[in-house]
Amino acid sequence: MIDISPEQARTLAAIITHGSFDAAAAHLSVTPSAVSQRIRALEAAVGRPVLTRVRPAGLTESGQAVVRFARQLELLSADLAEELQPDEPQGRTRLTLVINSDSLHTWALAGLAAAGDTVQLEILREDQEHSLDLLRAGAAAAAITATAKPAAGCISRRLGVMRYLPVCTPAFAAAWFGRGAAEEGLATAPVIVFDRKDDLQDRYLRRVSRNLQPPRHYVPAAHEFGEAIRLGMGWGMMPEIEIGEDLGSGTLETLATRGQVDVTLYWQQWRRGSAALAGVAGAVQAAARVLR
């Protein structure tokens with residue numbers, strides 16, 4: 001059995017949070033030598049390195065597991081304090097979540113607002129295909145992700161499907177897709193892409209041809225991404241739940257009647273959670289009922 005003390009785990013988490021041994025020592029009110037001793041004892045207990053000796057310090061896979069333990073211990077300690085001293089003000093539990101921009105922009109914020117009276121939230125924005133990296137590293141307690149398989153030490157629950165439609169303005173369609181959104185037009189018509197991790201547009205293009213490389217505009221903000229399309233800067237994939245009024249008024253139109261790209265979303269969180277995390281999870285799941 002591996003014997004890891006909470007003190008050692010918290011020390012490792014402090015190094016990652018504050019970026020160095022010296023900064024962690026200042027935060028913990030101990031000497032840098034004490035921090036080094038704790039990490040050496042931790043690595044002896046684990047039997048392998050927990051840190052990559054670079055600047056800033058990074059975590060090995062074993063180190064990620066220890067940091068998750070430290071973060072979970074913080075949540076459980078808050079639950080215990082509230083249970084043992086219910087009449088004492090405990091302060092709000094701090095939770096870090098990873099949420100993709102489209103979910104935050106369209107439906108998830110309503111759930112977070114419902115839970116905001118009891119917790120302090122830090123929201124990290126990351127693509128749904130890459131959000132698990134932060135969860136594995138212990139940087140976040142939960143994430144909205146496109147991956148169904150639970151990350152190590154986590155549980156996974158299905159939220160629903162976000163449907164994306166390829167859309168543009170009528171004027172843009174007339175200028176670039178006079179004969180329909182076929183291979184010739186899609187090869188040259190400018191496309192709006194969120195950032196270099198965003199492959200939704202390419203997933204749509206690959207249905208037409210594997211070799212299409214149209215001009216691209218990168219617009220890495222959910223609101224501005226939509227505005228760029230509405231202003232005729234290019235076409236792009238937008239969430240169906242965002243553009244109902246645009247399609248109804250004729251501000252936007254779809255490139256193809258069956259061109260949707262569906263992304264199934266999941267809520268992944270630490271298996272050893274807390275009452276605060278359970279409350280946020282319930283609120284997010286309730287908000288996700290608007291999904292397909």
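Is Ser29 buried or exposed? At 68% relative accessibility, Ser29 counts as exposed, where exposed means over 50% relative accessible area, buried under 20% and partly exposed in between (1.4 Å probe, protein chains only). The model is predicted: local features need pLDDT of at least 70 and side-chain atom pairs count only at pLDDT 80 or more, while totals for chains, interfaces and linings use all residues. Residues are numbered from 1 along each chain as its sequence is written, and side-chain values use heavy atoms, with hydrogens and water left out.

**Overall architecture**

- The protein chain contains twelve helices and eleven strands; these are DSSP runs numbered from the N terminus, with helices (H or I) of at least four residues and strands (E) of at least two.
- Along the principal axes, the C-alpha atoms of the protein chain fill a box of roughly 70 × 45 × 30 Å.
- Of the 292 residues in the protein chain, 46% are buried.
- Among the contacts in the protein chain with a separation of 6 or more, 74% are accounted for by residues 24 or more positions apart; contact means heavy atoms within 4.5 Å.

- Two packed helices are described by the angle between their axes and the distance between the axes.
- Helix H2 (residues 21-28) and helix H3 (residues 32-46) have axes that come within 8 Å and cross at roughly 105°. The axes are lines fitted to C-alpha atoms, for helices over the stretch in contact, and angles run from 0 to 180 degrees between N-to-C directions.
- H2 is therefore roughly perpendicular to H3, given that 65 to 115 degrees counts as roughly perpendicular, under 35 as roughly parallel, over 145 as roughly antiparallel and the rest as oblique.
- H2 contributes Phe21, Asp22, Ala24, Ala25 and Leu28 to the contact, and H3 contributes Pro32, Val35, Ser36, Arg38 and Ile39.
- These contact residues divide into seven nonpolar, one polar and two charged. Ala, Val, Leu, Ile, Met, Phe, Trp, Tyr, Cys and Pro count as nonpolar, Asp, Glu, Lys and Arg as charged, and the others, Gly among them, as polar.
- Ser29 is placed in the loop between H2 and H3, and its phi is near 60°, a positive value in a residue other than glycine.
- Most residues other than glycine have a negative phi.

**Aromatic rings**

- The structure holds four aromatic pairs. Rings of Phe, Tyr and Trp (its six-membered ring) pair if their centres lie within 6.5 Å; planes under 30 degrees apart count as stacked, over 60 as edge-to-face and the rest as tilted.
- The ring centres of Phe172 and Phe177 are 6.0 Å apart and the planes stand at 65°, so this pair is edge-to-face.
- Both Phe172 and Phe177 are buried, and ring pairs link Phe172, Trp176 and Phe177 into a cluster.
- Tyr204 and Trp235 also form an edge-to-face pair, because their ring centres are 5.5 Å apart and their planes lie at 65°.
- Tyr204 belongs to helix H9 (residues 200-208) and Trp235 to the loop between helix H10 (222-230) and strand S9 (236-239), so the pair ties together parts that are 31 residues apart in sequence.
- Tyr204 is buried at a relative accessible area of 4%, and Trp235 is buried at 0% relative accessibility.
- The charged end of Arg196 sits over the ring of Tyr218, 4.4 Å from its centre; this requires NZ of Lys or CZ of Arg within 6 Å of the ring centre and within 35 degrees of the ring normal.

**Surroundings of Val280**

- Val280 lies in helix H12 (residues 275-287) and counts as buried at 1% relative accessibility.
- Not counting residues up to four places away in sequence, Val280 touches Leu95, Leu97, Leu112, Ala115, Val119, Leu121 and Trp267.
- Val280 and Leu95 are 185 residues apart along the chain, and their C-alpha atoms are separated by 9.1 Å.
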